Amino acid sequence: MTIEQFIPTNLNTNANGGAVTWSSPSNIALVKYWGKKEHQIPENQSISFTLNTCKTITKLSYSKKETSNNNFSFKVFLDGDHKEDFEPKIKTFFERIEPYLPFLKAYHFKIETENTFPHSSGIASSASGMSALAMCLMSIEKELNPEVSDEYFIKKGSFLARLGSGSACRSIEGDLVVWGKHNDIEGSSDLFGVKYPYQVHDNFKNYQDTILLVDKGEKQVSSTVGHNLMHGHPFAQERFKQAEKNITKLKTILACGDLEAFIALVESEALTLHAMMMTSMPYFILMKPNTLEIINKIWSFRKQSGLHISFTLDAGANVHILYPENEAEAILEFIKTELVAYCQNGHYICDRIGFGAKKL
Ligand code: DP6
């Protein structure tokens with residue numbers, strides 16, 4: 001598919017208005033996206049588990065402007081409170097997507113959003129938030145042109161979400177999503193995420209993700225700044241090649257159910273992501289002392305118990321603990337007795353693989 005195919009030609013903007021609501025989950029990358037080109041095109045391919053419990057629910061109301069003008073008109077509410085500080089990000093998003101949604105300036109929008117996880121939990125809400133908003137906008141496009149196909153709807157939803165926040169393009173479907181053109185993944189694209197198209201071993205069905213909230217504060221360096229520091233980074237080209245190879249390796253692992261190989265690959269990806277941050281110029285560290293305490297505890301528990309517990313990290317201090325469903329009881333017990341003490345206010349969230357965005 002080409003970008004031009006996402007420019008609609010057949011929209012009827014006579015509709016006076018309406019409201020649509022979508023819920024969309026967060027996702028956790030196994031092979032990480034870190035580094036991008038212009039227009040939110042990733043430097044390397046990534047693959048993620050879609051989550052189930054951590055999600056954003058967004059209601060988008062739209063009403064025809066009485067007099068047309070050349071401005072975007074919208075208001076954003078989080079949990080019922082007007083959030084002016086969210087509006088510059090949404091304005092940038094609208095500017096980026098307007099060529100693909102030419103009706104944006106014809107309507108006034110009210111964006112009412114809520115998250116199932118606490119706003120200040122340190123969990124990135126951009127993936128779930130941007131994907132929920134993108135799907136709401138696709139529902140409006142469909143109202144203005146009922147001929148939009150299901151395939152186009154999903155692909156364009158992911159395409160628009162990507163322009164809001166790269167990783168958001170992986171939240172539309174589940175249970176595994178690949179973003180970035182890769183020779184070993186049929187249908188993959190730099191423009192949108194695609195559902196992983198191959199057989200996955202039962203070991204990975206309903207895989208669990210318990211998120212330990214180590215630090216709920218604002219991140220010192222945003223992902224967008226971090227991605228930009230990959231330009232001219234001394235290890236960037238090797239890292240991009242490694243991510244590509246890791247997707248090929250993961251394909252074999254997912255097919256044969258090799259949990260040990262999965263653990264090695266996923267933990268190495270997490271630490272490599274943070275190594276890229278530490279070797280940027282300027283350099284930075286997003287892990288906290290408790291992040292390392294947790295990692296060490298996981299390693300010793302794994303050695304002593306033989307259970308398939310592993311961790312991954314996103315661009316922050318929180319730890320995602322990944323494990324198969326049939327080992328959940330013992331691992332959850334270990335988390336509660338040994339790891340919760342390292343979480344801020346003892347806070348953690350039990351999540352698992354999910355299946356993407358839903359219209360409510
Ligand atoms: C470390 O999607 O948050 O979570 O595109 O600038 O919004 P922007 O960045 P973002 O980057 C997430 C990077 C990551 C790894 C990943 O999810 O693949």
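The questions below concern aromatic rings and charges over rings in a predicted model. Local features need pLDDT of at least 70 and side-chain atom pairs count only at pLDDT 80 or more, while totals for chains, interfaces and linings use all residues. Residues are numbered from 1 along each chain as its sequence is written, and side-chain values use heavy atoms, with hydrogens and water left out.

Q: Why is the aromatic pair of Phe49 and Phe262 called tilted?
A: Rings of Phe, Tyr and Trp (its six-membered ring) pair if their centres lie within 6.5 Å, and planes under 30 degrees apart count as stacked, over 60 as edge-to-face and the rest as tilted. Phe49 and Phe262 are 6.2 Å centre to centre with 35° between the planes, so the pair is tilted.

Q: What makes the pair of Phe49 and Phe262 tie together parts that are apart in sequence?
A: Phe49 lies in strand S2 (residues 46-64) and Phe262 in helix H6 (residues 259-278), so the parts tied together are 213 residues apart in sequence; helices (H or I, at least four residues) and strands (E, at least two) are DSSP runs, numbered from the N terminus.

Q: Why is the pair of Tyr100 and Phe159 called edge-to-face?
A: The ring centres of Tyr100 and Phe159 are 4.8 Å apart and their planes stand at 90°, so the pair is edge-to-face.

Q: What makes Lys251 count as lying over the face of Tyr198?
A: A charge sits over a ring if NZ of Lys or CZ of Arg is within 6 Å of the ring centre and within 35 degrees of the ring normal. Lys251 lies over the face of Tyr198 at 4.2 Å from the ring centre, and Lys105 lies over the face of Phe72 at 4.9 Å.
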